[in-house]
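Biologist: I would like to learn how to read a model of this kind, feature by feature. Where should we begin?

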Amino acid sequence: MKKKIIIANWKMNPLDIDAATELFKKIKNNAPKFSNVKTIICPPFVYLGELSLMYSGSKISLGAQDSFWENNGSFTGEISPYQITDLGADYVILGHSDRRALGETNEIVNKKIKTAISAGLNVILCIGESERDDDGEYLRFIEEEIKESLKGISKNNLSKIIIAYEPIWAIGKSKNKAMKPANVYEMKLFILKVLKNIYDASVMETKILYGGSSGPENTESLIKEGEVDGLLVGHESLIASHFLEIIKIADGIK
Ligand code: PEP
């Protein structure tokens, strides 16, 4: 049975280190019980160092929410992927819609992916349309996002990338605003088709996740009927009991 992947994106939360360690402790002490799930926690940069000291030896992984496209140098305020690996994190989210809303382009995401991979990080690449239309323009948008973000990235390096499909219109809403599982499945097939056209059929193993208002109530249907490899979870990952419930449900899906 393939392990499901459940990722927590804490975004710019919580507001102090005590709350961050408390939340992390609850997840780290319980998530490893569910051995069919790979759990990845992505806290704000400022907590990575402290949390990585707490998690050594545990079975969950840490990730950052962004990284810069240069290794080092005069880039005030930016974080190098090498600094992230140095803290013990193995993953980085790139191209999240929150960052794209601040001006990040596919070209920037592409540069960031290349540097992150050369620093030894695995990448969680976020893609997703802001709205849907009847003419299928959103499909062309997704295709372009994938092609431009992965430009020049070898098939070998694609194996270090997890794709998180996150329709922007479904992010941060209540559970009944999540995408319908049947549509998630359609999008998963579409993304795999685009990847196959860029590379070849061997990339059909690429992990595809869904993100957007997922929670304990829709985890089962999104993963089972959407046939995705897991979920990228935003606001529900800030409540330890909800996030652990998502992991437990994912663990039970055959
Ligand atoms: C996200 O922003 O990556 C996300 C999935 O958020 P939420 O679960 O809150 O919709």
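Predicted model: local features only at pLDDT ≥ 70, side-chain atom pairs only at ≥ 80, totals over all residues.

Biologist: Which residues come nearest to the ligand?

Modeller: Lys-11, Gly-172, Ser-213, Gly-234 and His-235 come nearest, out of 13 residues around the ligand.

Biologist: Which polar atoms lie by the oxygen atoms of the ligand?

Modeller: Look for N or O atoms within 3.5 Å. Lys-11 places a polar side-chain atom 2.5 Å from a ligand oxygen. For His-96, a polar side-chain atom is 2.8 Å from an oxygen atom of the ligand. Ser-213 contributes a polar backbone atom, 2.7 Å from an oxygen atom of the ligand. On its own the ligand has 290 Å² of accessible area, and the protein covers 99% of that.

Biologist: How is the length of a helix checked, for example that of H10?

Modeller: Compare the expected span with the distance between the end C-alpha atoms. H10 covers residues 240–252, so at 1.5 Å a residue its 13 residues should span 18 Å; the end C-alpha atoms are 18 Å apart, which agrees.

Biologist: Which residues of H10 are buried, and what covers them?

Modeller: Buried means under 20% relative accessible area. In H10 that holds for Ala-240, Phe-243, Leu-244, Ile-246, Ile-247, Ile-249, Ala-250 and Asp-251. Their cover includes strands S1 (4–9), S2 (37–42) and S8 (230–233), along with helices H1 (17–30) and H9 (219–226).

Biologist: What does the check give for helix H5?

Modeller: H5, residues 106–118, reaches 18 Å from its first C-alpha to its last, close to the 18 Å expected for its 13 residues. Its buried residues are Asn-106, Val-109, Asn-110, Lys-112, Ile-113, Thr-115, Ala-116 and Ile-117. Just after H5, Gly-120 has a positive phi of about 100°.

Biologist: Where is Pro-81, and what does Pro-81 touch?

Modeller: Pro-81 belongs to helix H3, residues 81–86. Its relative accessible area is 0%, so Pro-81 is buried. Leaving out residues up to four places away in sequence, Pro-81 touches Ser-67, Phe-68, Glu-70, Thr-115, Ala-116, Ala-119 and Leu-121. Two of the buried residues of H5, Thr-115 and Ala-116, are in that list.

Biologist: Is Glu-145 buried or exposed?

Modeller: Glu-145 counts as buried because its relative accessibility is 2%. Glu-145 sits in helix H6, residues 137–149. With residues up to four places away set aside, Glu-145 touches Arg-100, Asn-106, Ile-127 and Gly-128.

Biologist: What does the side chain of Ser-61 make a polar contact with?

Modeller: The partner is the side chain of Lys-38, at 2.9 Å. Ser-61 lies in strand S3, residues 61–64, and is buried, with a relative accessible area of 6%. Other residues in contact with Ser-61 include Thr-39, Ile-40, Tyr-55 and Asp-90.

Biologist: How many aromatic pairs does the structure hold, and how is a pair described?

Modeller: A pair of rings is described by the distance of the centres and the angle of the planes. The structure holds two such pairs. In one of them, Phe-68 and Phe-75 have ring centres 4.9 Å apart and planes at 50°, so the pair is tilted. Phe-68 is buried at 6% relative accessible area, whereas Phe-75, at 32%, counts as partly exposed. Ring pairs link Phe-68, Trp-69 and Phe-75 into a cluster.

Terms used. Residues numbered from 1 in each chain as written. Heavy atoms only, no water. Helix = DSSP H or I, 4+ residues; strand = E, 2+ residues; numbered from the N terminus. Expected span 1.5 Å × (residues − 1). Buried < 20%, exposed > 50% of the residue type's maximum accessible area, 1.4 Å probe, protein only. Contact = heavy atoms within 4.5 Å. Near = heavy atom within 4 Å. Polar contact = N/O pair within 3.5 Å; in protein donor to acceptor, adjacent residues only side chain to side chain. Areas by Shrake-Rupley, 256 points an atom, 1.4 Å probe, with all protein chains shown as cover. Phe/Tyr/Trp six-rings, centres within 6.5 Å; stacked < 30°, edge-to-face > 60°.
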